[in-house]
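Work through the following exercises with the sequence and the model side by side. Try each task before reading its solution.

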Amino acid sequence: MNSVAETPVIKFGEQLKDVTGESNTYLSPGTKLKIRVDMNAVLNDLKSKGYFTTFKGDKIYKEDFKGLYVAGNTLPMDWDFDNLHNKKVLS
């Protein structure tokens, strides 16, 4: 039986603060993880200005924005940023 875990809403660009005190908690194999992200600031800037400025000062233009991807080293995640959009399992 696969279980489901869900994060609290994480504001894009901000670090998630663990308020549970359970930082050593692991997910069982087969657990589906739903990561909830508040992208309102990004989407509003893309709509109103045509671009979003990252914390490093880089601009992501509306026509270049393809979505939000989470990278990592635990399957099915990957660090191959250029090809994350090709991994259907990440959709």
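The model is predicted, and local features need pLDDT of at least 70, side-chain atom pairs count only at pLDDT 80 or more, while totals for chains, interfaces and linings use all residues. Residues are numbered from 1 along each chain as its sequence is written, and side-chain values use heavy atoms, with hydrogens and water left out.

**Exercise 1.** Find how many salt bridges a search of the whole structure gives, and describe the one formed by arginine 36.

Solution. Begin with the criterion, which asks for a side-chain nitrogen of Lys or Arg within 4 Å of a carboxyl oxygen of Asp or Glu. Searching the whole structure in this way finds 2 salt bridges. Next, take arginine 36, whose partner is glutamate 6, with the closest N and O atoms 2.9 Å apart. Arginine 36 lies in the loop between E3 and strand E4 (37-38) and glutamate 6 in strand E1, so the pair ties together parts that are 30 residues apart in sequence; strands here are DSSP runs of at least two residues, numbered from the N terminus. Then check the accessibility: arginine 36 is partly exposed at 31%, and glutamate 6 is partly exposed at 46%, where buried means under 20% relative accessible area, exposed over 50%, and partly exposed in between (1.4 Å probe, protein chains only).

**Exercise 2.** Describe the salt bridge between lysine 49 and aspartate 45, and state how accessible each partner is.

Solution. Start from the distance, which is 3.6 Å from N to O. Then turn to the relative accessible areas: lysine 49 has 43% and aspartate 45 has 21%, so that both residues count as partly exposed.

**Exercise 3.** Which residues line the second largest pocket closest to its centre, and of what classes is the lining made?

Solution. A pocket is an open set of points on a 1 Å grid over the protein atoms alone, where a 1.4 Å probe fits, with protein on both sides within 12 Å along at least five of seven lines; lining residues have an atom within 4 Å of a point. The volume is about 720 Å³. Of the 24 lining residues, the closest to the centre are Phe12, Ile60, Gly67, Leu68 and Tyr69. Sorted by class, the lining holds 16 nonpolar, 3 polar and 5 charged residues, with Gly counted among the polar ones.

Methods
Grid points are joined across faces, edges and corners, and a volume is the space filled by probe spheres set on the points. Helices (H or I, at least four residues) and strands (E, at least two) are DSSP runs, numbered from the N terminus.
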